[in-house]
Amino acid sequence: MANASNSVTGYPHIVDSLSTALLVMDRNLLIHYMNPAAENLLAVSATRSHGMAFSGIVLVAGDTERRLKAAADHGRSFSQHEAEYMLMNGARMIVDYTVTPINPEGDLLLEIWRRDQLLRINREEDILSQQETNRVLVRGMAHEIKNPLGGIRGAAQLLDRELQSAELREYTQVIIDEADRLRSLVDRMLGPNKAPRLIRTNIHEVLERVRALVEAESHGKLTFKRDFDPSLPEFCADREQLIQAFLNIARNAMEACLESPDGPGNSDSRNSHHNRDNSSSNTSEPATITFRTRTLRQFTIGPVRHRLVCRIDVIDNGPGISPQLQQNIFYPMISGRASGNGLGLAITQSIIGRHHGLVECNSEPGHTNFVIYLPIEECT
């Protein structure tokens with residue numbers, strides 16, 4: 001095995017500087033070498049791992065060990081894309097890896113590339129692209145709707161002045177009222193019509209305000225949990241717009257937790273957690289919304305890397321969002337309920353986007369988590 005290790009480490013400065021994780025194993029899958037990148041990736045030192053079985057530091061799918069041993073026995077290389085590794089400390093990661101036999105004795109070189117960050121960046125770019133598509137679509141649609149609406153309303157007003165019959169004027173008033181209602185709906189689709197008023201903002205004060213509002217609306221039927229990071233600094237943001245953004249999410253969570261055939265929740269403003277399977281709701285626990293904050297360092301949002309980012313999780317234990325709806329919940333006018341207008345999350349996404357942040361959603365029965373990332377920036 002020494003010759004195998006030497007064949008890999010003959011240029012130690014080059015091997016040690018590689019960002020690719022490298023491991024050398026014998027045919028029994030005992031580790032004899034790993035470079036610093038592998039130590040960082042697998043959270044174990046080369047000294048400690050020497051002589052350990054690969055399965056002792058990484059838990060992998062059942063057929064992986066079989067394929068590794070087959071590669072050693074038959075001298076055949078293979079690659080695996082987006083495999084899941086679970087480390088002994090419980091951490092999970094998505095990786096690509098390549099296995100290459102390096103001598104007749106069946107020793108193997110394992111090269112590992114972590115994919116989590118790349119997959120997350122690609123997902124974020126898709127979300128940001130969706131946000132921009134939404135904005136362009138809504139602006140175009142609003143322009144096409146508001147122009148004829150103005151003409152309809154103006155014509156109805158002129159007709160109203162000419163009519164002598166009060167009974168007939170009731171009809172023109174209906175036209176005027178409906179034109180005003182549609183114009184108001186279009187304005188809501190566009191979201192806040194003014195630039196953010198940026199001031200020093202404490203995110204915990206924002207969340208406490210949202211909690212108080214939702215608690216009052218739920219009439220004490222919800223349990224609230226707070227898991228705040230006290231080290232989070234104040235940052236530059238529009239406090240009122242952030243309250244509106246988080247209030248939209250929290251109201252959705254409230255209605256999701258309380259909507260049940262036998263439950264008290266029947267609010268008609270629900271617009272994000274539609275089409276949930278109420279039979280899957282977690283009925284063994286009280287309806288609960290959790291607010292959690294964390295500080296992230298050197299975190300990338302889209303193409304921009306930020307020194308500090310605030311992560312806010314709004315979690316509810318309602319019945320979950322259907323997979324079909326999860327793909328479209330941030331589009332305006334997408335609603336699974338007859339009484340919903342589907343604007344709340346579109347407005348939230350617009351507000352967070354104006355703050356150069358990002359909104360994501362992960363949902364399964366009993367656990368729905370809206371994750372918001374906001375750059376921590378000083379006011380200038």
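Which residues in α11 are buried?

A: This is a predicted model. In α11, the buried residues are Gly-344, Leu-345, Ala-346, Ile-347, Thr-348, Gln-349, Ser-350, Ile-351 and Ile-352. The helix spans residues 344–354, and nine of its eleven residues are buried. Helix α11 is thus mostly covered.

An α-helix has 3.6 residues a turn, so residues three or four places apart point the same way.

Thr-348 lies in α11. Its relative accessibility is 1%. The cut-off for buried is under 20% relative accessible area. Thr-348 therefore counts as buried.

What does the side chain of Thr-348 make a polar contact with? The partner is the side chain of Asn-248, at 3.3 Å.

Positive phi values can be followed elsewhere in the chain. Leu-29 has a phi near 65°, and Leu-29 is a residue other than glycine. Leu-29 is found in the loop between β1 (21–25) and β2 (31–34). Its relative accessibility is 4%, so Leu-29 counts as buried.

Gln-298 is not a glycine either, yet its phi is positive, about 50°. Gln-298 is found in a strand, β10, which covers residues 288–301. Its relative accessible area is 43%, so Gln-298 is partly exposed. Set side by side, Leu-29 belongs to a loop, while Gln-298 belongs to a strand. Leu-29 is buried, whereas Gln-298 is partly exposed.

Ser-55 has its place in the loop between α4 (46–49) and β3 (58–59). With a relative accessible area of 33%, Ser-55 is partly exposed. Not counting residues up to four places away in sequence, Ser-55 touches Glu-65 and Met-88. Ser-55 and Met-88 are 33 residues apart along the chain. Their C-alpha atoms are separated by 9.5 Å.

Back to the helix. Helix α11 is mostly covered, and Thr-348 is one of its buried residues. The side chain of Thr-348 makes its polar contact with the side chain of Asn-248.

Key:
Residues numbered from 1 in each chain as written. Predicted model: local features only at pLDDT ≥ 70, side-chain atom pairs only at ≥ 80, totals over all residues. Heavy atoms only, no water. Helix = DSSP H or I, 4+ residues; strand = E, 2+ residues; numbered from the N terminus. Buried < 20%, exposed > 50% of the residue type's maximum accessible area, 1.4 Å probe, protein only. Polar contact = N/O pair within 3.5 Å; in protein donor to acceptor, adjacent residues only side chain to side chain. Contact = heavy atoms within 4.5 Å.
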